[in-house]
Amino acid sequence: MFLFTVTVIAGHSMLTTLAEEEKPKTVPYYSSIEIQEGDSLWGIANRYRKGSHLTTEEYVEKLRQMNTLREDTIHVGAHLTIVYYK
């Protein structure tokens, strides 16, 4: 009975570990968007960061780096490179 219990627990642990390792990975895609009236880096971050592991703050920082922005100011009609995840 003891051997059976150990075998069941070990089997369950292995299956759980395999299931955790096979989580689907999100793939980053890049695009350019035109800034519209009322857009902000924070709003864009909330819209496009879904599916990533990034917080809104981390995504905003990524946008700044990708677009060589020193601050959060963006202008209507300008284009911004964004990353989104699927």
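Visitor: How many helices and strands are there in the chain?
Guide: Helices here are DSSP runs of H or I with at least four residues, strands are E runs with at least two, and both are numbered from the N terminus. Going along from the N terminus, the elements run α-β-α-α-β. So by that definition the chain has 3 helices and 2 strands.

Visitor: And where do these numbers come from?
Guide: This is a predicted model, where local features need pLDDT of at least 70, side-chain atom pairs count only at pLDDT 80 or more, and totals for chains, interfaces and linings use all residues. Residues are numbered from 1 along each chain as its sequence is written, and side-chain values use heavy atoms, leaving out hydrogens and water.

Visitor: At what angle do α2 and α3 pack?
Guide: Picture α2 as residues 41-48 and α3 as residues 56-66, with axes 9 Å apart. Axes are lines fitted to C-alpha atoms, for helices over the stretch in contact, and angles run from 0 to 180 degrees between N-to-C directions. The angle between α2 and α3 is about 110°.

Visitor: Why is α2 called roughly perpendicular to α3?
Guide: Angles under 35 degrees count as roughly parallel, over 145 as roughly antiparallel, 65 to 115 as roughly perpendicular and the rest as oblique. The angle here is about 110°, which makes α2 and α3 roughly perpendicular.

Visitor: What percentage of the residues in the chain is buried?
Guide: Buried means under 20% relative accessible area, with exposed over 50% and partly exposed in between (1.4 Å probe, protein chains only). The chain has 86 residues, and the buried share is 21%.
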